[in-house]
Amino acid sequence: MTAKWIIALVAAVALLGLGLAAVNGWAISLGDVLKVGGVALLVSQYDDQIDSFITSALGEREAAAKGATKVVPILSLGGGGYVGAAQVVGSPENVSRVKAVVQVEGRFGSGRAQVLVPTTVDKAAGTPDRAKGVGVSAVIEFRI
Amino acid sequence: MRRRLRVPIVMALGLLTALAAAAAFSSAEVSFRSAERDGARVAEVLIGERPVIVLRTSAAGYSPLERAEIVANRLRTAMTSEIRVEDVKVGSVPSGEGLYIRDQLVVAVYRPEAEAHGATPAALARLWRDNILLALGLEAPEEQAPQEGAEAAPPAAQEAPAGGAAEGAAETAAVAEAEVEPEEVDWTGTAQKWVPIFSLEREGARVGMAQVAGPTDQIDQVKGVYQLRLDFRNIGRVYAYVPVSTISTKLNRVQGVSVWALADIKVLGF
């Protein structure tokens with residue numbers, strides 16, 4: 001009787017472990033999917049809040065940028081997907097035209113190089129159309 | 001028991017009061033920047049958000065912006081201890097007037113500078129003194145007679161609204177000078193420069209270079225870029241880039257400048 005209980009318990013734990021592993025595997029896959037397509041959703045949902053958060057956090061340090069600001073998605077040139085968000089700053093009329101920031105990134109060992117181009121289009125095809133009079137003041141990485 | 005508690009309570013209250021006073025005093029930070037007024041490029045010295053001294057001319061081989069940096073440093077030094085109304089005074093210097101805090105000369109006002117403001121050296125020095133006092137939350141001394149100020153005050157003072165009472169004219173002049181600060185910052189410049197960037201994160205330290213872009217005057221001021229890491233509600237991690245005019249613990253942001261490119265390398269892992 002005792003041996004049967006032990007076998008049943010081990011089997012139950014094994015099944016539970018397999019189930020958890022399967023669930024975790026599914027979660028990772030979902031995360032990957034979200035990372036490709038979900039950043040745009042997060043940006044559209046939280047853009048104003050992130051913008052206010054950055055402005056107020058810098059304001060507390062007396063380092064807020066004086067100009068219009070806006071949070072837009074970052075497009076990876078080549079990859080074509082959204083990889084994060086950026087706060088752009090500049091004159092109001094120029095900032096209002098910005099749709100995205102195109103990022104060109106390279107990695108070399110423990111180093112990295114990154115070019116950030118505010119653009120007036122939301123597709124990362126061809127040469128990005130640089131938005132004049134606008135620059136990047138912050139980059140946001142989402143935890144997904 | 002009550003008597004034993006009274007001493008620490010009084011001490012704690014005293015400490016809190018001292019900390020509050022220190023915090024209020026230290027909140028008045030000094031900075032300087034390039035700005036445009038009346039179509040001309042000028043340099044401003046600010047206490048907090050308020051421009052207190054506007055420099056329009058070069059002197060002794062220093063540009064207005066270089067002079068503003070010197071003046072800002074002198075003000076910072078003077079403000080390390082509490083300033084009283086009588087500490088800020090106008091006195092003579094060779095060929096002009098000087099604005100002093102205690103015995104330290106903050107800025108000398110020569111005739112070309114005063115003429116650029118449409119004022120006499122003495123009137124301009126008094127205006128700047130009153131601006132400093134107002135920025136520090138102190139009341140300007142009454143020796144600033146309205147008639148005297150009206151005769152030699154800068155154009156900003158003469159253009160001030162006439163609705164105020166005569167006895168308030170001097171203060172209006174000072175405030176008017178401060179309020180003409182242009183809120184619009186020029187972000188359309190195309191000058192570029194590579195400056196060092198340094199970031200300290202939980203994972204390690206990185207150093208590198210950042211390319212900043214903006215109007216030439218502002219770009220000239222940029223000495224480096226600070227990267228601040230902020231957490232937004234467990235949803236995202238924010239890296240804010242702040243172009244600064246001085247490498248110090250205080251973030252002296254240069255307005256009108258933004259980051260275009262970054263390259264860094266991990267030098268230390270935690």
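Predicted model: local features only at pLDDT ≥ 70, side-chain atom pairs only at ≥ 80, totals over all residues.
Two residues are counted as in contact here when their C-beta atoms, placed from the backbone, lie within 7 Å.

**Helix 2 of chain B**

Which residues of the helix are buried? They are P64(B), L65(B), R67(B), A68(B), V71(B), A72(B) and L75(B). These residues lie on the same side of helix 2 of chain B because they cover an arc of only 150° around the axis. As a general point, an α-helix has 3.6 residues a turn, so residues three or four places apart point the same way. Helix 2 of chain B itself runs over residues 64–78, and its 15 residues reach 21 Å from first C-alpha to last, close to the 21 Å expected at 1.5 Å a residue.

**Where the chains meet**

Moving on to the interface, 35 residues of chain A are in contact with 29 residues of chain B. On the chain A side, helix 1 (2–60), strand 2 (82–90), strand 4 (111–119) and strand 5 (134–142) each supply at least two of the residues that touch chain B. Strand 5 of chain A provides the largest share, 9 residues. By residue type, the side of chain A that touches chain B divides into 19 nonpolar, 9 polar and 7 charged.

Strand 5 of chain A also pairs with strand 10 (residues 236–244) of chain B, in the antiparallel sense and over 5 bridges. Within this pairing, F142(A) has G236(B) as its bridge partner in strand 10 of chain B.

**The nonpolar cores**

The largest nonpolar core has 48 residues, and V72(A), A85(A), A86(A), V88(A) and V101(A) have the most contacts inside it. Helix 1 of chain A gives the most to this core, with 7 residues. Leaving out residues up to four places away in sequence, V72(A) touches V43(A), A85(A), A86(A), V88(A), V98(A), K99(A), A100(A) and V101(A). A second, separate core of 36 residues includes V30(B), A123(B), A135(B) and L136(B).

**Two residues to look at more closely**

V83(A) sits in strand 2 of chain A, while R102(B) is found in the loop between strand 5 (96–101) and strand 6 of chain B. Is V83(A) buried or partly exposed? V83(A) counts as partly exposed, because it has 19 C-beta neighbours inside 10 Å and a buried residue needs 20 or more. R102(B) is partly exposed too, with 13 other C-beta atoms within 10 Å. The backbone of R102(B) deserves a glance as well: its phi is positive, about 55°, although the residue is not a glycine.

Contacts beyond four places in sequence link V83(A) to V39(A), I74(A), S76(A) and Q103(A). Counted in that way, R102(B) is in contact with A78(B) and D87(B). Here is one pair for each of these residues.

| Pair | Separation in sequence | C-alpha to C-alpha distance |
|---|---|---|
| V83(A) and Q103(A) | 20 residues | 8.8 Å |
| R102(B) and I83(B) | 19 residues | 8.6 Å |

Terms used:
Residues numbered from 1 in each chain as written. Chains lettered and ligands numbered in written order. Helix = DSSP H or I, 4+ residues; strand = E, 2+ residues; numbered from the N terminus. Nonpolar A, V, L, I, M, F, W, Y, C, P; charged D, E, K, R; others polar. Pairing = 2+ DSSP bridges. Expected span 1.5 Å × (residues − 1). Buried ≥ 20, exposed ≤ 12 C-beta atoms within 10 Å, placed from the backbone. Arc of directions from axis to C-beta. Core = buried A, V, L, I, M, F, W, Y, C linked by C-beta atoms within 7 Å.
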